[in-house]
Amino acid sequence: MSCALDEELLANIKCSDQEDAGDEEEKMQVEEQLPQLPDPTTQEDDSDPLQETSGSCRFPWIFEDGDVLNSEDQLAEMVLKSEGSVRPGLTTKRGRGRPSHNAGHYTAATGQIWSVAKDPQVAAGEELPFLGQQACGKGPARSVSNAVEAWMLLFDDEMLKSLLRHTNEQMRKKRNPTSAQRPLDIVELRAFLGLSYLCGVFRNAQFSGPLEELWTLELGNAIFRASMTLARFESISECLSGPSGVWSEAQKLWQRFLINCRSYYGCSSWLNVDETSSMVAKNRLTLCCDARTLYMANALVSSRQQRSLERDVEQLICDFKTTSRNVTMGFRHLNLPQSEQLMRRQLSSLGLLEPTSPDWPRQWQCDSPAYSGSSKLIPFDGEAVFCCGLSPQVDALQAYQNTAQACQQFYDLTERFSTAHMLPSCLTKQCNSFLQLLHFVLNAAAVNAWILLRLSPKGDATMEQRDFQRQLGLFLTQQRLQRRLQRRSTTTSLVMRLQICEILGQPSQRLLSEATGDARRSDSVGVLTPDKMSLPVGVNLSSRYGEKHRRCKPCARNKRGTKSRTRCQQCQSHRCGNHLISRCYECVGILPSQLPEGNMRDDEIGH
């Protein structure tokens, strides 16, 4: 049976089908242009193979990844704006005779062309994906549980031995060595470094007192007096501040320290490369820090004659190529060719572009974003935030504000409890390159170790920097204190041993018992019982002094050449003052008739 369809109804059906198909096609195009959030399952395949994943961490991050990411509504709005800006027919028509105003295109001094509209021919692949790497320790750094374990990873035994050789070498070069300049061993060197860290804790005030106060009983601390004398501490400091021709030794310590910093830490997605406001040993200091933790991942110390900004950036980010991380660069290092070079190595870049920069587009009113390939300029307080290859998921302004000051913040942390406060007054005004670089290495090692300990599952994520450095100083001096406590020396008094026990947290009962026993034995030397007080019958005493000086027999057995006139009045054997006991006649029980010749009797006194 045949059916006839109404032609008007058929036309309406076709029109509705075409409209539905057009709406679905437009919806699919918008969905394709929307950047997708990274899938956790696929993120692991694209992540850095050298980056160790970390589980739940209670580390107090400087900022969270969510603080710099756009929301889904913001992403959709960005796509619609970009679509409207490139859609034909929506551009403003200019009337007859009206000037062009460059048609939205601006040229920089370098010849780079910027446009207010994004080029639709720019491939989406030129924008790197956001992987969101998590900062964590690597290898042994994942299992550190105290301050000295984290610090020893960065300032290792090889560096300690190198510093020990240098210090002893400077001591040997001194013309008049004294007892306070005896050679160091590794235990005493650790104690010296521990006291240096404690000086940074106790003398970090703007108007701190002299170094000598730390060794006084009234205002000082017992750990300084218990570890070493002030003269010994100053002597070691003077040896470290030797001639200025030991810069090569400082460079060896510096290079070894950088290798350790790069080996035991995995950076997050946000890096900052910038030059600090202060110089170290009259050289420029350029840092590469993790913006989320402030960990110093790499650094350069170079003079103005040696510096090349492009090579500096290449050297600092050499460990992060092809990892899709972002590098926020300081204004001295930021330029368009450098950013394009990083983009080819799968690194996005951020920075603040100043109007005086040669890459700044001329006649640009700084009222709307400008585009040039994968680069973008966003107006910001009369200047512009420059980004190249940054994922559209990231809010460039928020990312710049959270990451731009990481290097300076790290340097401020190193100066907060600086070991430079350990210098005696005679060395504070001297400009010694070795000491300045050594102090920065010690300060940076303490800050980086503090971050590693808080990242470790066994560490305390809430530990303050001052508490960490105080514990580090106590740990480094512990072995020296143990040695002084166990060594029976006349220079270590009972009061000092009791203070060492208190510092180490050890009970002092055993020490007091030993001291009591020693005191009893020393008091009982030469004590005569009542039945032996009187001399035996027939025993006469001779004179206490002999005619000549003769060698003391006990001293002769100890290979000493002590000679003395004093002798025993009974056996007439010569003895020095250390081996002779003097007692009065009444205690010995001598009768007047038994007095030796030459001794005065009581009845003769006064005549």
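Author: Buried here means under 20% relative accessible area, exposed over 50%, partly exposed in between, with a 1.4 Å probe and protein chains only. Helices (H or I, at least four residues) and strands (E, at least two) are DSSP runs, numbered from the N terminus. This is a predicted model: local features need pLDDT of at least 70, side-chain atom pairs count only at pLDDT 80 or more, and totals for chains, interfaces and linings use all residues. Residues are numbered from 1 along each chain as its sequence is written, and side-chain values use heavy atoms, leaving out hydrogens and water.

Reader: OK. Which residues of α4 are buried?

Author: Ala147, Val148, Ala150, Trp151, Leu153 and Leu154. That is 6 of the 8 residues of α4 (147-154), so the helix is largely enclosed by the rest of the structure.

Reader: What covers them?

Author: The cover includes α5 (157-172), α6 (186-202), α9 (247-263), α14 (433-455) and α15 (465-486). Contact means heavy atoms within 4.5 Å.

Reader: What happens at the start of α4?

Author: A side-chain oxygen of asparagine 146 comes to within 3.3 Å of the backbone nitrogen of valine 148.

Reader: Switching to strands. Which residues of β5 point which way?

Author: Trp270, Asn272 and Asp274 point one way, Leu271, Val273 and Glu275 the other, and all are buried. With 6 of the 6 residues of β5 (270-275) buried, the strand is therefore largely enclosed by the rest of the structure.

Reader: In which sense do β5 and β8 pair, parallel or antiparallel?

Author: Parallel, over 4 bridges, with β8 spanning 326-329. Two strands pair if DSSP finds at least two bridges between them. Valine 273 has methionine 329 as its bridge partner in β8.

Reader: And β6?

Author: β5 and β6 (284-290) pair in the antiparallel sense, over 5 bridges. There, aspartate 274 has leucine 287 as its bridge partner.

Reader: What about valine 280, buried or exposed?

Author: Valine 280 is buried, at 5% relative accessible area. This residue sits in the loop between β5 and β6.

Reader: What is valine 280 in contact with?

Author: Leaving aside neighbours within four places in sequence, Leu285, Val301, Gln436, Leu437 and Phe440. Valine 280 and valine 301 are 21 residues apart in sequence, yet 7.5 Å apart in space, C-alpha to C-alpha.

Reader: Last one. Which residues meet between α10 and α11?

Author: Leu309, Glu310, Val313 and Glu314 in α10 meet Gln338, Gln341 and Leu342 in α11.

How values were computed. A polar contact is a pair of N or O atoms within 3.5 Å; within protein, one must be able to donate a hydrogen and the other to accept it, and residues adjacent in sequence count only if both atoms are side-chain atoms.
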